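Hi,

Here is the structure I promised to pass on to you. Have a look at it before you read the rest.

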Amino acid sequence: MKKRFLILWICFLVTPLFPRWVAAQESSSRVVRAIEIRGNRIVSADSALAKMKTRTGSFFSQEVLDEDLKRLYRTGFFTDIQMDVEDVPDGVKVVVKVSEQPVIAEIKFSGNRALRDKALLKMIQVKLKEFLDHARLRKDAAALTQAYLDKGFSRADVSYDIALREGNEAAVTFQIEEGERVRIKKIVIEGNKAFPKKRIRKLIKTKEDSLFSSGLLKEQVAEEDLERISAFYRGQGYLDVIVNRHIEYDTAGKRIFLRFTIDEGKQYLVGQTRLEGRLIFPEGEILKTLKMNEGNPFSRDGLRQDIANIQKYYFDKGYINAEINAETFLDELTGRVDLRYQIDGHELTYVREVHIRGNIKTKDVVIRRELRELPGDPFDGEKLKRSRTRLFNLGFFEEVSFDTAPTTIPNQHDLIVEVSERKTGEFSFGAGFSSIDRFIGLIEIAQRNFDWQNPPVFVGDGQDLRVRAQIGGKRQDYILSWTEPWIFDRPVSFGFDAYRAARKRSGTSGFSYDQEQTGGKLRLGKELGEYSRGFLRYKLEEVDISNVQASASAALKAEEGGNTVSSIELTLSRDTRDNIFSPSTGYTASGSVETAGGPLGFDRDFLKYFVSNKIFFPIFGTQHILSIGGRAGLVHAYHDSQSVPIFERFFAGGSNTIRGYQERDVGPKDTSSNDPIGGEGMLVGNVEYLFPIVEILKGAVFYDIGGVWAKTNEFAQGDYRSGAGVGVRVKTPIGPVSLDFGFPLNPDSTQDDNGRLHFNISRSF
């Protein structure tokens, strides 16, 4: 009895499923013999079939066909789709009947006056001859509305209308209600007690209508103003601050009163600070890294920054796995927030391996030799910082960053050096213009990352190759230069220069004669520490002086003719600048002594001493730079020479020394022709303040002072000339441009007292 009851119960459950099972078996046994697309006019049958998983020759599946229906709808090409299945010999035929979306045949704008149709068309995504897409049309209407809001039409509204035509075409019209263009008449700040309105106004980017501002209300900027004010208050300890914005229109509806209301709330201050855990370092040293000390305003951003400061302190000391957590304890009565930092320094971490990434052209060895963090060293923040500076100063990379990767050994990490290369090769041609040399034609081939052993690209080994020709109305310069910074894989540089330079007599350049120089130099340099270098240079050149004015004195005319000079020069330099291309901190200093003739032979015998330095200070923020520099030189003849040749004397005045004066016009002059003849001693000082104006433009204020003396025993014995002025520095696609206007503050009787413009444009290419 029980068995019969169980069998009947199973049959009862299974019977309803049997027809489905039979149907499934029948459908799976039927083969799709054909698929036909009907009703399509623009969408090809192949495009529709490509979206379907049902295929001719496959077994028919109703589930797959249902999914195909959804896939075809998702294309957005069709407004209606029907799927029919017809029996055919040996299988089935699938018939897909479609109704296509209208095609956009025309796009129009109605009601627009402030913005033209051409400008509006660029702002929308819908295009002619595409299928109608309502979702995209809604986005386009919103984009057009936002464009009007950004233009000051605060009540603008954009909608769209669709007109269907014969042939399943549609005309789309964007209907624009611009409204009146309104401007901000006044910005009102209310509720502020802790800070004056003037301080808060500086935070707001939205401006009132004035001569220097359009006064348009931009919603996104105004919303950001709210956050700027809120963030400022939170940073000053007002954690509960609430800032709201209200817009009020005048009676004519053309002017806005923008009102910011501030509910400051309570100010929270830092109470006691405690350090706990495995500190490793003295507590006093760690506390020095904190910016929020007792009595200072408390803020969450400040707390996060102090945690980061402690983390950096430990990282710089080699404890890169240090963990720092912070807890806060608020005293509601006093408003003081006590801080507790939980620190676990873990173990000192060492560099296992150094991996270099991102260098496609530059060899690994060129990067590795600049690194000051090496395998086996403990991680050191100062060494990493210096390594980054040295890599940047190569001029090969746009970006340099460091990262670490853990290894199987807990206290050893790999150092990852990530670089992004910049173009180091140049083929330059074009023209330049300067207040000294007037128009100059230029052609130059240069590669700062040259490799003579890597044909045909010749790139990657860090050598410097330069071939240049400059031809102008007053000068001609030709030079071939090559430098290997690490010869024989040692920090010793070797290079040579071959050159020919010619200057014509010109009042603007300060040359009262024609001068031609042809020669060559051999250079050897060596690092003498992290920031210092020594250089040894040998020079052999032929110098010819001609075309001296007929009215010149006998002493100046005696300089005419050719001379061969053989000299050797020793230079020591030190450079601590953070960036040699755009320094903000550090200094550069150098001193050199050059001897010519004597045991080296040839026509002229002299000793020349020269020192220079320049120091950089960031003031009023890192973008404001004060630089102070000075140069001094002495030269005297010895052995068989009775005087120093004019081409080895010192000159001052002009764009590179004392601005406000004509080139080379400061110092001794010929008694007959009044032409500059230079001197045996020179001293020049410069002070310059650079400040940002816009991203590519900097302003400059400068003061220059100095003098040139005929004999070394007269050096620095009064007769100084000074100048001051203002200028701009512009970064342009054709090169850096400097423009200075200097005033001579104490010219002598031979110099005019008018201001003088000094400018230089490097070159175009």
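Predicted model: local features only at pLDDT ≥ 70, side-chain atom pairs only at ≥ 80, totals over all residues.

Residues are numbered from 1 along each chain as its sequence is written, and side-chain values use heavy atoms, with hydrogens and water left out.

**The whole chain**

You'll find 13 helices and 31 strands in the protein (DSSP runs numbered from the N terminus: H or I of at least four residues for helices, E of at least two for strands). The C-alpha trace spans about 140 × 75 × 75 Å along its principal axes. Its radius of gyration is 40 Å, while a compact globule of 765 residues would have one near 27 Å (taken over C-alpha atoms; the globule rule is 2.2 Å times the number of residues to the power 0.38). Of the 765 residues, 40% are buried (buried is under 20% relative accessible area, exposed is over 50%, partly exposed is in between, with a 1.4 Å probe and protein chains only).

**Salt bridges**

Side chains of opposite charge can pair when their charged atoms come close. How many salt bridges does the structure hold? There are 58, each one a side-chain nitrogen of Lys or Arg within 4 Å of a carboxyl oxygen of Asp or Glu.

- R468 and E444 meet at 3.7 Å, N to O. They link distant parts of the chain, with R468 in strand 18 and E444 in strand 17, 24 residues apart. E444 is buried at 1% relative accessibility, whereas R468 is partly exposed at 27%.
- E648 and K608 have their closest N and O atoms 2.8 Å apart. E648 sits in the loop between strand 26 and strand 27 and K608 in strand 25, so this pair ties together parts that are 40 residues apart in sequence. E648 is buried, at 4%, and K608 is buried too, at 15%.
- D740 pairs with R659, the closest N and O atoms being 3.2 Å apart. Here D740 is in strand 30 and R659 in the loop between strand 26 and strand 27, 81 residues apart. D740 is buried at 5%, and R659 is buried at 7%.

There is also a network: salt bridges that share partners join E370, R372, R386, R390, E527, E530 and R533.
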